[in-house]
Amino acid sequence: MSIVTPAYIQVEDDIRAILRKPGYDNGNIGPVLVRLAWHSAGTFSGLDGSGGSNGATMRFAPESTDPANAGLDIARAFLEPIKQKHPWISYADLWTLAGVVSLRHWADLAGQVESGCPVRSRVPPNGRLPDAALDATHLRAIFGRMGFTDRDIVALSGAHALGMCHTDRSGYDGVWTHYPNQFSNLLYKNLLEMTWVKRDWDDWDGPEQYMNVGDEQLMMLPTDMALIWDPEFKKYVEEYAANQDVFFKDFSCAFGRLLELGVTRDENIEGHEEGPRGAPQNEHQDAIQTVSIWENAKIFFRRIASIVFFC
Ligand code: HEM
């Protein structure tokens with residue numbers, strides 16, 4: 001079911017209008033918005049159904065203060081004026097939508113999750129997001145909890161073609177590709193085609209990370225390196241490096257599923273001009289509903305052909 005209401009299009013337009021930001025990182029806030037959408041959804045646990053983007057629980061401790069979310073207060077602050085301008089949209093949907101709009105200036109995605117203030121017990125504990133210092137076993141444990149396979153893990157990790165690491169957020173430093181404002185399969189190509197050595201400069205006392213031999217302008221996290229150190233993961237790195245279309249297709253499926261984790265949906269739209277409004281789910285959440293973000297995301301990503309998202 002695809003619903004794009006005028007009110008929704010206005011929110012998309014407003015997100016698109018703030019993407020370019022001269023002076024911030026590489027001049028675009030898109031990457032940090034993608035990271036916000038992923039971290040918001042990535043707390044989901046298939047074991048008990050807790051976590052996920054519903055209720056935008058990253059606004060509350062301990063999720064707001066989880067070191068894994070360092071810097072995402074900046075992303076949330078970028079979006080706050082849009083939330084104030086469009087109070088009908090939930091934070092959860094605004095963050096999700098911002099991630100998708102950031103991946104492309106035009107998005108055929110409409111959705112809405114309107115929720116009441118979540119009870120504190122619904123805020124997921126820390127420790128559900130991946131630790132960049134760890135290895136393939138850790139990645140399988142974290143993403144397996146969300147229902148993702150090895151292939152999904154490698155596809156999702158390709159998002160590191162975008163954006164950069166900040167010493168004052170994660171402690172890591174640098175960009176993964178020379179084109180951090182473009183979505184591409186370059187992460188995989190760089191992993192395979194470049195030689196990576198531990199950063200061991202006299203001026204570096206940060207966490208273990210890897211630099212490319214040569215211009216030493218690029219970096220990899222230990223978890224990125226795990227994608228080529230683990231033979232099962234490496235198969236997919238090779239496949240995506242050789243075929244960007246396959247990467248885009250797999251990324252779209254996996255990212256769409258990620259955004260939907262734990263989202264409760266009610267597609268009843270009768271009588272609401274902005275978009276769908278659903279029936280109360282329980283006494284704590286006065287209304288939770290969304291159009292099928294996943295269905296729309298699939299359509300949206302299928303339209304991706306050659307990608308230069310942030311130009
Ligand atoms: C595989 C496990 C992952 C680990 C360990 C990891 C870790 C990190 C770290 C440490 C940073 C740097 C944060 C900073 O210093 O600002 C980062 C940035 C980023 N991550 Fe991940 N990440 C993972 C998976 C993902 C996934 C699944 C996505 C999206 C689908 C994603 C999207 C991004 C983006 C776009 C940035 C750049 C943010 C910016 O430029 O501000 N990451 N990630």
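**Notebook: ligand shell and helix packing**

I started at the ligand and found that helix 2 gives the largest share of its shell, five residues. Helices here are DSSP runs of H or I with at least four residues, strands are runs of E with at least two, and both are numbered from the N terminus. I am working on a predicted model, where local features need pLDDT of at least 70, side-chain atom pairs count only at pLDDT 80 or more, and totals for chains, interfaces and linings use all residues. Residue numbers start from 1 along each chain as its sequence is written.

**Entry 1: the shell**

I counted 25 residues around the ligand, and the closest are P31, V32, A159, G163 and S170. I then sorted the shell by class: 15 nonpolar, seven polar and three charged. For the classes, Ala, Val, Leu, Ile, Met, Phe, Trp, Tyr, Cys and Pro are nonpolar, Asp, Glu, Lys and Arg are charged, and the others, Gly among them, are polar. Domain 1 (6–128 + 252–302) and domain 2 (136–248) each contribute at least three residues to the shell; the domain bounds come from an automatic or database assignment.

**Entry 2: helix 2 on helix 3**

I followed helix 2 to helix 3 next; their axes come within 9 Å and cross at roughly 105°. Axes are lines fitted to C-alpha atoms, for helices over the stretch in contact, with angles from 0 to 180 degrees between N-to-C directions. The two helices are therefore roughly perpendicular (under 35 degrees is roughly parallel, over 145 roughly antiparallel, 65 to 115 roughly perpendicular, the rest oblique). V32, L33, R35, L36 and H39 of helix 2 touch L72, I74, A75 and R76 of helix 3, where contact means C-beta atoms, placed from the backbone, within 7 Å. I get six nonpolar, one polar and two charged residues in this contact.

**Entry 3: helix 1 and its two partners**

I found helix 1 (residues 6–19) packed on helix 3 (residues 72–85) at about 155°, with the axes 10 Å apart. That angle makes helix 1 roughly antiparallel to helix 3. V11, D14, I15 and I18 from helix 1 meet F78, I82 and K85 from helix 3.

I also checked helix 4 (residues 91–103), which packs on helix 1 at about 60° with axes 10 Å apart. Helix 1 and helix 4 are therefore oblique to each other, and their crossing is right-handed. On the helix 1 side I listed V11, E12, I15, R16 and L19, and on the helix 4 side L94, L97, A98, V101 and S102. That contact has seven nonpolar, one polar and two charged residues.

Most residues other than glycine have a negative phi, and most peptide bonds are trans. I looked for exceptions and noted D25, with phi near 40°, in the loop between helix 1 and helix 2. I also noted a cis peptide bond from A61 to P62, with omega near 5°; P62 sits in the loop between helix 2 and helix 3.

Key:
Two residues are in contact if their C-beta atoms, placed from the backbone, lie within 7 Å. A residue is near a molecule or strand if its C-beta atom, placed from the backbone, lies within 6 Å of it. A crossing is left-handed if the near helix is turned anticlockwise from the far one by less than a right angle, and right-handed if clockwise.
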